[in-house]
Amino acid sequence: MPTGQIRKALSGFYYVYDNDQLIQCRGRGVFRNRGESPLVGDFVDYTVEGQNDGTITVIHERKNNLVRPPIANIDQAILVFSIKEPDFNTILLDRFLVVLESFQIEPIICLTKSDLMDEPLEQKIQQYIKEYEQIGYTLLMTFKDDADIDDKIAPLLKGKTTVLAGQSGVGKSTLLNTILPSLNLKTGIISEALGRGKHTTRHVELIAVCEGLLADTPGFSSFEFDLMEKEELSSCFPEFVEIQDECKYRGCMHVKEPKCAVKDGVESGKIKAYRYKHYIQFLDEIIDRKPRY
Ligand code: ZN
């Protein structure tokens with residue numbers, strides 16, 4: 001049975017990419033009965049009837065999947081944050097980072113609107129860049145109309161499935177159109193072509209670009225820690241993971257426990273105080289979360 005990858009979902013059809021062509025497929029009824037549904041990014045087995053009409057029969061196991069946008073098997077996210085207007089905000093950045101870590105999606109932090117910064121702000125931002133790089137994150141500072149943006153981002157897309165994410169109001173689509181004009185993506189263009197207006201946000205597609213795949217949606221822009229258990233949270237802070245084996249108590253939550261390596265790390269400056277503060281805030285949010293039924 002042939003295997004391919006769903007690259008596009010539209011009006012109840014799934015477009016499976018295999019051997020350089022897209023095969024229009026329907027999902028099998030069994031998926032609906034089981035409450036499963038194929039997602040863009042899924043690797044699937046399918047059968048073909050007639051000319052170019054297929055049926056998806058098996059969904060392969062996923063590495064991960066997002067709900068909004070509904071995409072599976074994502075490797076990385078370009079996380080777009082502005083330096084100014086709206087102001088760079090570490091708690092919002094950490095929120096995104098935690099959620100991406102929990103899905104095992106590698107973040108690439110892309111700072112925009114650097115043309116709006118004055119010198120004191122630039123110093124502050126450079127300091128943050130240093131601190132996040134120390135944790136192990138990749139950060140890029142982009143300039144609008146900067147010819148080398150393409151050179152910075154394109155190599156990172158190679159061989160990966162990438163989504164866009166970030167705070168609202170930073171112009172994620174505009175940024176991508178600027179940095180990857182060859183892509184010519186975006187809802188505006190698609191909605192004009194199809195006359196589908198706002199429903200186009202439901203269209204999800206993975207576009208082959210720079211030898212990788214990029215989701216043509218602005219990605220998620222806000223979320224809660226809907227699915228996370230409190231025990232999981234510290235594993236979403238890579239600098240905690242590095243030392244938390246040294247905590248005296250197994251399953252240490254790094255709050256009130258004695259001989260906690262994370263709290264010692266905050267004392268010694270190895271862990272940034274604002275990162276720890278965000279951890280405590282997120283932990284409180286998860287604990288206070290209303291039970292889900
Ligand atoms: Zn601890």
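A crossing of two helices is called right-handed if the near helix is turned clockwise from the far one by less than a right angle. Keep that in mind for the first stop. One caution before we go: this is a predicted model.

So, helices H2 and H9. H2 covers residues 90–102, and H9 covers residues 273–288. Their axes come within 10 Å. They cross at roughly 65 degrees. The crossing of H2 and H9 is right-handed.

Who meets whom? From H2 we have Thr90, Ile91, Asp94, Arg95, Leu97 and Val98. Facing them from H9 are Tyr274, Arg275, His278, Gln281, Phe282 and Glu285. Sort that contact by class and you get five nonpolar, three polar and four charged residues.

Stay on H9 for a moment. Look at Arg275, which sits in that helix. Is Arg275 buried or exposed? Arg275 is buried, because its relative accessibility is 1% and the cut-off for buried is under 20%. What does Arg275 touch, leaving aside neighbours within four places in sequence? On the H2 side, Asp94 and Leu97. Then come Tyr132, Ile135 and Tyr137.

Next, the zinc site. Which residues supply the protein donors of the zinc ion? Cys247, Cys252 and Cys260 each give SG, and His254 gives ND1. These donors lie 2.0 to 2.4 Å from the zinc ion. Along the chain they follow the spacing C-x4-C-x1-H-x5-C.

Now the geometry. Why call the arrangement tetrahedral? Because the four donor atoms subtend angles of 106 to 114 degrees around the zinc ion. The rule for four donors asks that all angles lie between 85 and 135 degrees.

Cys252 has a relative accessible area of 9%, so Cys252 is buried. Cys260 has 2%, so Cys260 is buried too.

Last stop, helix H3, residues 119–135. Ile129 is in this helix. Ile129 counts as buried, because its relative accessibility is 10%. Leaving aside neighbours within four places in sequence, Ile129 is in contact with Leu111, Leu139 and Met141. Take the Leu111 pair. Ile129 and Leu111 are 18 residues apart along the chain. Their C-alpha atoms are separated by 9.6 Å.

To recap. H2 and H9 cross right-handed. Arg275, in H9, is buried. The zinc ion has a tetrahedral arrangement of four donor atoms. And Ile129, in H3, contacts Leu111, Leu139 and Met141.

Technical notes:
Residues numbered from 1 in each chain as written. Predicted model: local features only at pLDDT ≥ 70, side-chain atom pairs only at ≥ 80, totals over all residues. Heavy atoms only, no water. Axes fitted to C-alpha atoms, helices over the stretch in contact; angles between N-to-C directions. Helix = DSSP H or I, 4+ residues; strand = E, 2+ residues; numbered from the N terminus. Contact = heavy atoms within 4.5 Å. Nonpolar A, V, L, I, M, F, W, Y, C, P; charged D, E, K, R; others polar. Donors = N, O, S within 2.8 Å, 3.2 Å for Na, K, Ca; no water. Tetrahedral: all angles 85-135°; square planar, octahedral: opposite > 155°, others 65-115°. Buried < 20%, exposed > 50% of the residue type's maximum accessible area, 1.4 Å probe, protein only.
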